[in-house]
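This report goes through one model, starting with a helix and ending with ring contacts. Please keep the sequence and coordinates at hand.

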Amino acid sequence: MSDRCAKNDCVPLKRRHVLLGGAAICFSQVVACARPTRSFDAVDVLVRDAVEKGEAPGAVVVIGHDGKIVHRLVYGKRAIVPVSEPLSWNTHFDMASLTKPTMTALSVMQFVEQGRVALDDRVSQYFPEFACNGKGDITIRLLLTHYSGLPPDVPLNDPWTGKVEGVRRAMMSPLINPPREKFVYSDINYVMLGLLVEKLSGLPLDQYVRLNILEPLGMTESGYLPPSSLRPLIAPTQYDEQGVMLRGVVHDPTSRRMGGVAGHAGLFSDAQDMSIYAQALLDRLKGRPSCFPLRQETLVLMTTPQQPPGKTDLRGLGWDINTHYSSPRGDVFSRHSFGHTGFTGTSLWIDPDSDSYVLILTNRVHPSGGHSVVKLRHDVATEAGRALGLTAPV
């Protein structure tokens, strides 16, 4: 069904605003209902068509602009098997790799801001064993931008399990390229960054994130290792290797084998919380009041190109800017925009130039591996930008 921010839509959100008290500033701009000046019908048609074609069981789409949610759509199913369940605004999704920029990179940058670590520190300063196999010169910046030279993942072709073994494999990983030479998206980069956060904080990654990101932002519906009581609200992904449907258990196999908490994947969240995050980030970038837990200048650093000199695959610190993964920008959002995707079917693209964001949440891998939503992300962003009055990227 379509959810157009009707009269009663704001009621539960306002209630949440009151209950959270001190976090109210983060919610006041997100929950305001706005009547869009342009029609988002083209966005809705794209989403409905994709769901009807089986590209995803359902989708939640949020378009934010000028400090408000100007459009939202909830359409399709939360689950198809073993029984059909309708999708809802408060459905929780496995964020997959959206964990990387929103939680892990932000955590690292909090320590950078505090002067406890520097972007060009070698990773081996903190983990001497990581220096093996020619990795001694890899810096934290290279991990954040995926220019480390590491392979996409640790080996998964044997039935290992446990965080200790996952860490060992990340530490012992060989290189596939010399550091700084080539952009290769690698989960190992963010496994290492998650370990760095744990080493610097003395806390498990999920606890650090809860105390230093989720609670300050008022993201009360987000976290790792969701409790069983939340399971009915969680969109299932797909069958695991034993034929068990994954629901409330992280889809990513490396994170799952490591216990469900890792720097590259593991966050579960919903549309409201992710909208809170996006709006708080935009507010901080634009110099407006915000509880986003970084200073403006640090966030600017994160969201502008930080790849090695002369490289054309543009990456921020955690965020994608202009690579072959950048299809969620669409055709009209600014070249200064940035975002990220998740394998399960999630994406967030943010454009500070137009003061806008587009959030798309799907469980496109349900129930048996699913279909690509790359074109859907691109087309929704394009039509959203056009509805906001944009014509061409700057």
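How many of the 15 residues of helix 7 are buried?

## Helix 7

In this predicted model, 13 of the 15 residues of helix 7 are buried, so helix 7 is largely enclosed by the rest of the structure. Buried means under 20% relative accessible area, exposed means over 50%, and partly exposed lies in between (1.4 Å probe, protein chains only). Helices (H or I, at least four residues) and strands (E, at least two) are DSSP runs, numbered from the N terminus.

At 1.5 Å a residue, helix 7 should span 21 Å, which agrees with the 21 Å between its end C-alpha atoms; the expected span is 1.5 Å times one less than the number of residues. At its start, a side-chain oxygen of Ser186 comes within 3.1 Å of the backbone nitrogen of Ile188.

## Basis and confidence

Residues are numbered from 1 along each chain as its sequence is written, and side-chain values use heavy atoms, with hydrogens and water left out. As the model is predicted, local features need pLDDT of at least 70 and side-chain atom pairs count only at pLDDT 80 or more, while totals for chains, interfaces and linings use all residues.

The average pLDDT (the predictor's confidence in each residue, from 0 to 100) is 91 for the chain, and 90% of the residues score at least 70. Residues 1-37 have pLDDT below 50, and this stretch makes 72 contacts in the model beyond near neighbours in sequence; contact means heavy atoms within 4.5 Å. Where pLDDT is low, the predicted coordinates should not be read in detail.

## Aromatic pairs

The whole structure holds six aromatic pairs. Rings of Phe, Tyr and Trp (its six-membered ring) pair if their centres lie within 6.5 Å; planes under 30 degrees apart count as stacked, over 60 as edge-to-face and the rest as tilted. Tyr147 and Phe183 have ring centres 6.0 Å apart and planes at 45°, so this pair is tilted. Tyr147 is in the loop between helix 5 and helix 6 and Phe183 in the loop between helix 6 and helix 7, so the pair ties together parts 36 residues apart in sequence. Both Tyr147 and Phe183 are buried.

Tyr185 and Tyr325 also form a tilted pair, because their centres are 5.3 Å apart and their planes at 50°. Tyr185 is buried, with a relative accessible area of 17%, whereas Tyr325 is partly exposed at 34%. Tyr147, Phe183, Tyr185 and Tyr325 form one aromatic cluster.

Note on methods. A polar contact is a pair of N or O atoms within 3.5 Å; within protein, one must be able to donate a hydrogen and the other to accept it, and residues adjacent in sequence count only if both atoms are side-chain atoms.
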